[in-house]
Every structure is written in C-alpha cells, then in structure tokens.
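Subject: Structure for you to look at

Hi,

Here is the structure I promised to pass on. Please open it next to this message, and then read on for what turned up in it.

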Amino acid sequence: MSFLTKLTPQLALVQSQVSKAALHTSAVCCRVQSGRYRITTKRDRPLTYEMANPPHFIGHRKSWNSWNTSTLKDGLRPSQTAIEDVFIRKFITGTWHALVCSEVIIKRQHNTIRIAGIIRQAISPRKVYFLVGYTEELLSYWLQCPVTLELQTVADKKDVVFKYI
Amino acid sequence: MYQIRTLRLLPKNSMGQSWKLATVDYTTAATRPASSGTGTEQTETIVIPKRIQRSPTDLLQSLASTVGRDATAPHFKYSDDPFLIPMSNVAKRTYAMSKEAGRKAAKWIKEEHRELFLHQEAQPAIEKFAPRLIFSEDSEVDEVVLKKLIEQGQLSDAVFVYKLLEEKGVQISKELKQSLLEMVCFFNNQEPLSEEYIEERWFLQNNRRRERGVGKTWKDGDLAENLYASIEPKTPQAYATLIRGMAKYLQCERAYALLQEAGEKEIILDTNTFNAVIQIVSLLKDTAEQRWQLTQDLLQQMAKQQLIPNLGTLNALLECISTFGNFKLARQTSLQVLAEFKELNVSLSLGSYYYLLIIFCRERGPVSHIIVDILNEISGKEFSIQHPKDTYFFATAMDVCRNHLHDKVLAKKVNDLLHTGKNYDLIGDSFKESVYYRHYLALLCQTETVDDFMVTYDLIVPNIYIPEPGIMEEILRSLEINGSVEQIPRIWSDMVIFDHTHRESLLLYVLRIMVDNHRPDNEQLSAQCCQVALDMYQKIEEQTSAAGKRNLRKNFVSFTGQMLGDILTLIVRGGDVNHFEQANEVFNYIDKNQHSIPGTPSDVALQEYVRSCVHHKAPTQSLLVLQYAVENNMESSKLAQIIHQGFTLNEIHLAKLKSLVGDMDSLLLK
C-alpha cells in the first residue's frame, strides 16, 4: 500500500501531462539489454563476431539476420514473416541439434527463402546432406515456397569464436 | 526495367543479334556526318516489330542461357563447402542420394502427420504442398474423383477408386475407362518411380538396364486386360492401348496376335501402335530375313490403312535392323530405309543416329566412317528429346571415336556438339555420362601431347568426371611413354583423393615413371618425387598393418622388393639429411622383413643407396646393405667397391667387410 502512496504524486503528474501533451512513447535508451551479453567473472563466455557487436552496429559492422521487404512501406505480411522466421530458426536449431554455431540468416527473394548458417563438422557429410534435403523439403511444405539451405562448415566450434568476455 | 521493355519489343530469336546491331550503330554514328556530306541522304524508316507474346519464364530462360556449367565448382546440387564437396564417384552418388533420402523422409512426415499440413498459403492453392488424399473402403467417390486421379497420374489411387466404384455398381463412362486403361497399360499397373526424385532417376538407369534383359514383364490377366474386356464394343483406341502396353512390357506374342486380330476385324489402328510392334519384331522372329519379312508385312498393313510413318517408325525399323547379325544386309537395308524416310520428310533424331552408329560400327565388321558424315550433318545443331533412345547417342558416338576409329578430331567434334545449346540435357544419366568421359579421356590421353591433354584433364576432373582406375592406368601409361614425370605429383595427389591407392598396378606405374625419368638437374622435382614415394610408403604400410590386424579389407597392396627398392631410390634422390634418415628407415624395413617380402630391390637401387650412405658418412648402414645383398645372393662386389673406396674404414668395419666379401684386394683386382 505504501508503494502506491509513494507513486500517487507521480501518477498525478503523469495524468496531468497526458491531459496536457502527447505521451512520450519512444523506448528508454539507457536500459536496453537485448542483443548485448553480460561479462562473466571468469571472462570465459565465447562470443561470435555477430554476438560481439551490439545491435547499434547493425549496418555498420554487422548485418541483418533476416532479409526481407515486409517492413518497407506497403510491405506485405510483416507479422507472418516475423513469426515464420522464428519458426525457421527454432526448426533449424532443433533439427541440426548442437551443430549450428552461428546465427541463422534468412533471406527472402520473391517466393524463395534462402537459409544460411555455419555448422560444425561433427557428423559425416552424408548425414549433412540428408538433413539438408529433409530441412529444405519439410520447410517448403510448411512455408509453401521453395526453400534452399546454404551451409558453410567449420572443423571446430572455436573457429567462430571472436572473443571471450 | 528498360531492358525488359526492349526485350519484349525484340523478336524472340534475334535478341542477341539486335544487341550487336545496336552497338554497331553506335560506333558508326561518329563517322556518319562525314558520309552525309557526300550527298547520300537516306531517310531511314524505323520499323517497329510487332509485340511478341512471351511466357512468364522467357526472360529467366534467356538469362539462364548466358550461364554455363562452371567446371571449377562442384555441381550445384552439392553444397559449395570443402567439407561437403564430393571427391570420388562413390561420394558423388552417396551425397546426392542422401539428400534425396532426406527429402523422402520429409515427405513421409508430411503424409504421416497430414493434419499439420492442411493449411494453404497460396492463392490459388498449390496442390503439391498438401498431403495426398487417402481413399478407404467407405470414402465418397465418383467419376469426377477418378478422372482427377488419372489426370494427376496417381496410379494406385486411381485403381483403388476404380475398384471401389465397381463394387458400388457405379456405371463408368467409356472415355474414363479408356483413359484408365491407357494409364494402366503405360505403367504396367506398377507404381512408377516419382518424377520428383531426379537423383534417384539419374543414378538408377544403369541398374534398370541390367534388369531389362529378363524379358517379359507384362502382367497377364491383370487389371489392364480386365479393363479391356469390359470395354464393349471394342474401340480402335482400346486395341491400340493394349497392344502398345503389351509391346512395351515385351508380351510379344500376344501383342502381335492382337494386332492381327484387329487387322482381321478391319479396325484402323494408329502409327504409334505399329511402331510399338515393329520394335518387338526382333523378339518375334529369329533370323534376319524373317524379321525383315515381318516388318515389311507390317509396313504394308500400315500403307493399307493409310497411316503415315513418323520418326518412331524410323527408329523402330532401325532398331530392328540393328539386331541383324549379317552386317552387309543391315547396312544395305538401313540405307534403303533412310532414303525412304527422306522422301517422307522425316527428320532424324539423335536416337536414329545412335542406331546408325551401332549398325555401321561393329566390333567385328569393317571400319566405317559414317560418323564423319553424321557429324557433318548435325554439328552445331541443337536437339531436344524426341525418342527415348536419343540419350544413347553421345556415349555411343564417343565409343565409336575411341574404339572404332581412334580419331581425336572427331571426338572433339562430338564434344562440341554435346556442348551446343541444350544438348547436354541429352547426355542421359550418370552412367552414360561417365562412359562418355571415360572414352573421351582415354582417347585424348593416347592421341594428344601431354600438355594438351592436361588442359582437358584439368577442365573436367574432378568436378565433372572422376577417372576410374582403368582410365587412370591409361593416363599413367601415356605419361610413361612421354616420360613426363612433372605431372606425377599432381596425378598422385588426385589418385589419393579418388582412393586409387589400393591398386598395385597403378602404384607400380607411378613408381616406374618416377624412377625411369631421373632429372638430376631439377631438384624441386626430385624432392616432390621423394615426397610422393614417402607418401606411398606410408599408405602401403598402413594398409599392410591394418590388414594384419583384422582381415577386413581384401584388396590391399603389399610390398614387393622391387617396389621398396624404387621407393628407396626416390628417397635417396630427394636428397637432404632428413630424407636420408627416412631412407634408412625404409631400408631397415626391407632388411627386417626380408622373409615376408617377395623379391629384392634392384642392384641399382642398392648401389644408389650405398652411395648416399657414403655421402652422409654412415659406414655401419652401408655394411648392413652389403650384408643384405650377400645374404640374398645379389651382386655384392660393386657394393663392396663403393664402400671400400668411399670410406676410410676402421678395424671393425674392415673385418666385417672381409667376412662378407673376402679379401678386398683380390676383389679390386678382378
């Protein structure tokens, strides 16, 4: 209850402001945490180049993870695209279990979806090809458009580590 | 956008030319004022061509035609990553098939969890993304459903629905029965391999051909015949369908009987039905004369029914002629047939040329240069598939070039033809493609200079074709003849990658070329050869020890004395100090296992090794060599001389030498 009483004057202030002027709706910039990684005490958290650069470097030092035109003016299916991208990422990390060691990049061009990523060489090429065929086909049934996987491989997970924090 | 508009305006086939013309205009524009000064004033009328209706994919196709196959990259079905690029024929097959297996697994999941895949995103809905309909005993079916299934080519479902309809006593229209009969006859009531599985088709063909020899596969008394029986009165289409089905699946006697029956009832059949029967004439009659008699009868019947022969007839006739044992008769008749068809204005397909090749270029017959005429006729032309046998042409043509005529120029012409336009689509399947390149490479390596050959080799190996061990042997043979040891390190690394190191003959070739072509002036080459020899030594030793542990691998290579001697020589020639240690290791291996290794190193090899011992001041090692030579009854006096002259030996060594070859002075006197 005491908490409410403390807030009351502020609430009143806010109310008066709302009645007076427009609500300030932009994000609070000082406390943004998404896309940033906390430093560990032992300094042993591995970061890829992508992780090491916070979001405000997008377009400068690193690039976007989803490439599509849905958020442009008059873009089509913005919400569906976002949900589908989440689905694709979950599907890839689940199907390629403990193999994906980069972000999953999703590029949409016309009706095709190209999915790029870096995987570990932990399974034989045969199995990689099986999973490629499986993923492409199943995702294309789900998303109802041609899906292509563009994979690169690394011998060791450490090959993609940019720094430890 | 501008370009797209221009493209639409241009006539379809002159698209490339018009662009060229445009640039010509542009370059001459500067000179035009000068010429106009002379008074040749011309009013050019601009003719705007009529708009050409184009399909939505025309632009994509014209763009795609500008991109050819990139020989430096693997085929685009494989991922372009070093780990995932296939490096042997087995890997190529396995990777492509695994990908397809994954696709099948996904399809299975879709069918198994059909309730999850019922959504449709696109307008209009894309049927291929939806799970297939399942029909059971109590599904609501009618003629419309059956018609749709037949249109989609789903054989087993269509047959099931047809039976269901019959049980329910539903009357089925004649047309529908006819189209079902056509489908059942075409597939012999067997679910075909889906067209979606291109890889399986690409790699499967050669297996199917082996099965083909079995003969009749037609299902007697099966659905097709029941359907045929239920069509009353018999229509010409029903006759034609059943005859063609029987002919296709080699139920020859009954197909012919049915044809005769139709003839007696004076039913007018069609050309393709006669073609099907002409194709199986060789199975109906035994001798060439009888076969030719029967085909002539059939052709007479066709003429009576006023049917015009087409390409299928020509190819069927040529196939029949190609089975004649008497090559003179075969050649004569085939030329007659060709002349007849020229009258009829039937243009030949690649399949027809294939038959001509197998008629004229037989192993035991006289040499024929028909392929020269054929190539003059068709070079630079673009073909599309018109007959199932069209895909046999290129492999056979290359075979003729290599085995029949042994002509490099012709082979290059065939290769040019293959790479004209979309002709590469007619290469057939993986088996025919590899036969084609096998002949091509084998011919080139025999007829071209090594440098020219290596240009071609670099172009097609390994992404387009990987040589089989037999072809590798041919290549090595030509390298041996030309003494081009420079190529050996490169070829050896390819052999390691393609897994050819289990072939003793190939290893011996590589060693022989390197030993026989010693280039003392080229140190780098000697070092490379030394590296190859060491590599080979390690590889064989691994195989031998692995085979000793468990007898799994059957065809492993084991050392012979000759082989080890060659390796020893090469290492010695390689030259520096670490190599000498490795040479010692190899010699100790020979010495230790002298009872299990058949044969001994050559005398020259031991002498070179001993000289190198002298060079590196290793008297004990050189005496070991001498001991080995004495024990194995080899020429030892020469060795002893080298040792005696090369070293100032101490007492112990002198005593050893004496015990091995006797008194040195008497030896020197000899």
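**The sheet of chain A**

In strand E5 of chain A, A:Leu151 is the bridge partner of A:Gly117. Before I go further, please keep in mind that this is a predicted model.

Chain A has four helices and six strands, and from the N terminus on its elements follow the pattern α-β-α-β-α-β-β-α-β-β. Chain B, by contrast, comes to 34 helices and zero strands.

On burial, 19% of the 165 residues in chain A are buried, while for chain B the figure is 32% of 670 residues. If you look at contacts between residues at least 6 apart in sequence, 55% of those in chain A join residues at least 24 apart; in chain B, 71% do.

Where the chains meet, the contact takes 17 residues from chain A and 22 residues from chain B. On the chain B side, these residues divide into 11 nonpolar, seven charged and four polar.

**Helix pairs in chain B**

I picked out two pairs for you. The axes of helix H13 (residues 271-279) and helix H16 (residues 311-322) of chain B come within 8 Å and cross at roughly 10°. As angles under 35 degrees count as roughly parallel, H13(B) is therefore roughly parallel to H16(B). From H13(B), the contact includes B:Phe274 and B:Ile278, and from H16(B) it includes B:Ala316 and B:Leu317. By class, the contact of H13(B) with H16(B) has six polar, five nonpolar and one charged residues.

The other pair is helix H21 (residues 408-418) and helix H22 (residues 430-447) of chain B, with axes that come within 10 Å and cross at roughly 145°. The crossing of H21(B) and H22(B) is left-handed. H21(B) contributes B:Lys408, B:Ala411 and B:Asn415, and H22(B) contributes B:Tyr440, B:Leu443, B:Leu444 and B:Thr447. The contact of H21(B) with H22(B) has four nonpolar, two polar and one charged residues.

B:Val630 lies in helix H31 (residues 619-631) of chain B. Is B:Val630 buried or partly exposed? B:Val630 counts as partly exposed because it has 15 C-beta neighbours inside 10 Å, and a buried residue would need 20 or more. Leaving out residues up to four places away in sequence, B:Val630 touches B:Ser636, B:Leu660 and B:Val661.

Best wishes

Definitions and conventions:
Residues are numbered from 1 along each chain as its sequence is written. Chains are lettered from A and ligands numbered from 1 in the order in which they are written. This is a predicted model: local features need pLDDT of at least 70, side-chain atom pairs count only at pLDDT 80 or more; totals for chains, interfaces and linings use all residues. Helices (H or I, at least four residues) and strands (E, at least two) are DSSP runs, numbered from the N terminus. A residue is buried if 20 or more other C-beta atoms lie within 10 Å of its own, exposed if 12 or fewer, and partly exposed in between; C-beta atoms are placed from the backbone. Two residues are in contact if their C-beta atoms, placed from the backbone, lie within 7 Å. Ala, Val, Leu, Ile, Met, Phe, Trp, Tyr, Cys and Pro count as nonpolar, Asp, Glu, Lys and Arg as charged, and the others, Gly among them, as polar. Axes are lines fitted to C-alpha atoms, for helices over the stretch in contact, and angles run from 0 to 180 degrees between N-to-C directions. A crossing is left-handed if the near helix is turned anticlockwise from the far one by less than a right angle, and right-handed if clockwise. Two strands pair if DSSP finds at least two bridges between them. Angles under 35 degrees count as roughly parallel, over 145 as roughly antiparallel, 65 to 115 as roughly perpendicular and the rest as oblique.
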